[in-house]
Amino acid sequence: MSDIADRVKKIVVEHLGVDEEKVTETASFIDDLGADSLDTVELVMAFEEEFGIEIPDDAAETIQTFGDAVKFIQGAV
Amino acid sequence: MFDLTGRNALVTGASGGIGGAVAEALHAAGATVALSGTRETPLRELAERLGGRAHVVTANLADAAAVEALPKAAAEAMGSVDILVNNAGITRDNLFMRMSDEEWAQVLEVNLTSSFRLCRGVLRGMMKARWGRIVNIGSIVGTTGNPGQGNYAAAKAGLVGMSKSLAYEVASRGITVNCVAPGFIETAMTGKLNDEQKGRILTQIPAGRMGSAQEIAAAVLYLASPEAGYVTGATLHVNGGMAMI
């Protein structure tokens, strides 16, 4: 697994308090990992800070799964 | 009681009577304060009177870009914004039939829209800190209405609905959002009233007097305190019994 994916996973695990094994490529933050809409906003904030990037609102809306997040961040850094 | 040591507070309209008293009360409880307003001289004077832990961050709340920049400027000066008091307000009174679009828009912009923008601007830091206090200064007329103040009453009522909605969203993050609704308080704003108007108002106040800015500040201090952590989405009316709601 790439360095970016590891760092994203760490944030997700810490923020949502879920087991690492549950954070799979297709795991949906809301449907599978128990996030509410505010959690997803906070996750995006955490990603922005971890990677020093800006994630615009319309892009943030497309980030539904762990895989989406990794893919977006890989393209942005 | 009400120890705000280590907390950083941004107070808008701090050059006015109520805003100045709010800043003084928060400061006396140990908070560091950022004083915002359009007129720099009275802000500087207040900051000097307070001594340490007081910063001046001027902003014209009718200017959207200035409003956006204000939370950042306050956070840079103090390190964070843990407490936001949206106190700044203007009036452009007129009878409904004569009220211009401009009078309506100006009052909504400064009293309601700027408060929305400032709340939005401070949320990120508060969410991360898992602690925050937002106190929006409403008005009794937001609940009762007042002839000649259709715009002002709409903005102040709007603050209540906005505060409740935001309170819902962020309650689980240790952030509370409340309103304080003053009745008739001795300030420059009510100083414009003539004696006849004042006399008529006093007959409607069970306490038999106008309130003081310090009495509003005390309500704000409570809502900003750690002790008020379970109070959110509320409107605290401070009006001498003028409207018991």
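**Reading the fold of chain B**

Me: Where is the place of Arg130(B) in chain B?

Reply: Arg130(B) lies in the loop between α4 and β5 (132-137) of chain B. Helices (H or I, at least four residues) and strands (E, at least two) are DSSP runs, numbered from the N terminus. This is a predicted model, in which local features need pLDDT of at least 70 and side-chain atom pairs count only at pLDDT 80 or more, while totals for chains, interfaces and linings use all residues. Residues are numbered from 1 along each chain as its sequence is written, chains are lettered from A and ligands numbered from 1 in the order in which they are written, and side-chain values use heavy atoms, with hydrogens and water left out.

Me: What is the phi of Arg130(B)?

Reply: Most residues other than glycine have a negative phi. Arg130(B), however, has a positive phi, near 55 degrees. Its relative accessibility is 38%, so Arg130(B) counts as partly exposed (buried means under 20% relative accessible area, exposed over 50%, partly exposed in between; 1.4 Å probe, protein chains only).

Me: Which value does phi take in Phe2(B), and is Phe2(B) buried or exposed?

Reply: The phi of Phe2(B) is likewise positive, near 60 degrees. Phe2(B) sits in the segment before β1 (8-11) of chain B. With a relative accessible area of 18%, Phe2(B) is buried.

Me: How many residues has the largest nonpolar core?

Reply: A nonpolar core is a set of buried Ala, Val, Leu, Ile, Met, Phe, Trp, Tyr and Cys residues joined through side-chain atoms within 4.5 Å. The largest one has 38 residues, and Leu10(B), Leu61(B) and Leu70(B) are among those with the most contacts inside it. At least two residues of this core come from each of α2 (37-51) of chain A and, in chain B, α3 (64-78), α4 (101-129), α6 (150-170) and β6 (175-182). The largest share, 10 residues, is supplied by α4(B). A second, separate core of 36 residues includes Leu43(B), Trp131(B), Ile185(B) and Ile216(B).

Me: Which residues does Leu61(B) touch?

Reply: Contact means heavy atoms within 4.5 Å. Leaving aside residues up to four places away in sequence, Leu61(B) touches Thr12(B), Val67(B), Leu70(B), Ala88(B), Glu109(B), Val110(B), Ser114(B) and Leu118(B).

Me: What share of the residues of chain B count as buried?

Reply: Of its 245 residues, 49% count as buried. The secondary structure of chain B consists of nine helices and seven strands, and its C-alpha atoms fill a box of roughly 45 × 40 × 40 Å along the principal axes.
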